[in-house]
Amino acid sequence: MGRAYSTIAFDPAKCDGCGDCMTACAQAKTGTDDWARSRIQIVGRGNATQDATWDATQDAIKDATEKAFELALCRQCADPKCVTVCPAGALAKDGASGVIGWDASKCVDCLLCTVGCAYGGIALDEVSGHVSKCDTCDGKPACVPVCSKGALTYVTTANIYNEVGDWEDLFAPGLSGCQGCNTELLMRHTLRRVGPDTVLATPPGCVPGMGSVGFNGTTGTKVPVFHPLLTNTAAMLAGVKRQFKRMGRDVTALAIAGDGGASDVGFQSLSGAAERGEQMLFMVVDNEGYMNTGMQRSSCTPYGAWTSTTPIGAGCSAGQPAQGKTQDAKNLPLLMVNHRCAYVATASTAYMEDLYAKLDRAIEASKTGFAYVHVYSPCTTGWRFPSDQNMEVARKAVETNFVMLWEFTPSEGLRFSRSVDDPLPVTDYLKAMGRFRHLSSDQIEHIQGKVVENAKFIQRFSEQAHGG
């Protein structure tokens, strides 16, 4: 297996061209505030011209009439053309860090590397007379923490790939998920992390629909798996776990269920197992509806959403035009907090490091009590968005506080794993999906109000736990 590396990511939609990142870089690398010597350059588009940026005059950037920016920065390429064209061998990729290093003792200042780079990531520093490029500040880039708008982030999820990439994938290849569905990603990562000493329960839903319980006499998993009813998943899994304990076998009892099977007809079984403190890890893959049976609404479907049972415009029995679901979603994770489970967490596949950290805590908690992890999982088919936008939709849900990431234990209380301060407007999330395309201004106002209300409610939980 190859190796993955951490990287600096740039979101142009959040950049306002303030230049704080260039100032920080120049100070860290040259001890000056000279933007021209920064190894990261914010390049304007349209009326924010490239010349204005490359001239490094702060006034030219700030006076730009069109706030549209791009990034000129070394991408630390896997197949670096700057290295290929260097005749002196002054550039080389470090196999451990992934950074392309520059050796001043070998450089002949021919500048061929600047021609080879398609990203403007290596350029002549006219003061020193040599080229300069980003080296990620040994894994602590000075530019990232000073970006107040969040346009720059240091993405370290490569650590997951490097750590678990060689571990066995315990789901069979060729599962039949919809194009762009991230539930398969979640299934494979979860079972890989939990490991082979696992008994898996997958009640009716998208997970067994993809093939977890198999077909033609073969299972879709490499661990024991069974297909309970929607109504009895937690009860059956509790019995299996207890029998293994009698036999002296230490196994992880894992359920991967949908929101319908957990929050609706299966809730009594889930609630009972949580109240008894059964030793299991119960994961809910929340795609906010019964998506594998025709995209019907569940109690976790949000207000205003189109589903096949909450239609748009066709009218209802009272003769009024239908405008999607008329009730707010049930907050199932908070209900599980009120069961005082050993561990409760919310997670998103757009934040894999957070998910992995919570999986580790959930696995440990399941050895002595009931652990519950609620993962928000956008559905490309039922939510009506392009299949290549799944992660962006998941990310926008968190950035707008439509989904909040937190964890709870009885001893530590509730703690946010991602700040809920300064969220984006909820419209940034709603407009990404067709299921909300019909919303009126009053409905949008209602949803925004509920997002604010929910955030304040959960914040009070956190403040009470931590003396705020």
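**Entry 1: E288**

I call a residue buried when its relative accessible area is under 20%, and exposed when that area is over 50%. The model I have open is a predicted one, and I began with E288, which I found in the loop between β12 and α12. Its relative accessibility is 5%, so E288 counts as buried. Which residues does E288 touch, leaving aside those up to four places away in sequence? I listed D259, S298, C300, T301, P302, Y376, W383, F402 and R435.

**Entry 2: helix α11**

Next I looked up α11, which spans residues 267-276. Which of its residues are buried? I noted S269, L270, S271, G272, A273 and A274. I then checked what covers them, and the cover includes the helices α9 (233-246), α10 (259-263) and α12 (332-337). The strands β12 (280-286) and β14 (370-376) are also among the covering elements.

I traced an open sheet of eight strands with mixed pairing. I wrote its order down as β10-β9-β11-β12-β14-β13-β15-β16. At the edges I found β10 (225-226) and β16 (413-416); each has a single partner strand, so one side of each is left without a neighbour in the sheet. I followed β16 to β15 (residues 406-409), and the two pair in the antiparallel sense over four bridges. One detail I kept from this pairing: T409 has G413, in β16, as its bridge partner. Going back to α11, I saw that this helix packs on the sheet and touches β12 and β14. I noted an angle of about 135° between the direction of α11 and that of β14.

**Entry 3: salt bridges**

Then I turned to charges. Side chains of opposite charge can pair when their charged atoms come close. How many salt bridges does the model hold? My count came to 24, and I looked at a few of them in turn.

K29 and D135 meet through their side chains at 3.0 Å, N to O. I placed K29 in helix α1 (residues 20-30) and D135 in the loop between β7 (130-133) and β8 (152-155), so this pair ties together parts that are 106 residues apart in sequence. I have K29 as partly exposed, with a relative accessible area of 28%. D135 also counts as partly exposed, at 27% relative accessibility.

E163 and R193 form another salt bridge, at 3.2 Å, N to O. This pair links distant parts of the chain: I found E163 in helix α6 (residues 158-164) and R193 in helix α7 (residues 183-194), 30 residues apart. Are the two partners buried or exposed? E163 is partly exposed at 45% relative accessibility, whereas R193 is buried at 14%.

E278 and R276 were my next stop, with a salt bridge of 2.7 Å, N to O. R276 belongs to the α11 range, 267-276. At 7% relative accessibility, E278 counts as buried, while R276, at 44%, counts as partly exposed.

Technical notes
Residues numbered from 1 in each chain as written. Predicted model: local features only at pLDDT ≥ 70, side-chain atom pairs only at ≥ 80, totals over all residues. Heavy atoms only, no water. Buried < 20%, exposed > 50% of the residue type's maximum accessible area, 1.4 Å probe, protein only. Contact = heavy atoms within 4.5 Å. Pairing = 2+ DSSP bridges. Axes fitted to C-alpha atoms, helices over the stretch in contact; angles between N-to-C directions. Salt bridge = Lys/Arg side-chain N within 4 Å of Asp/Glu carboxyl O.
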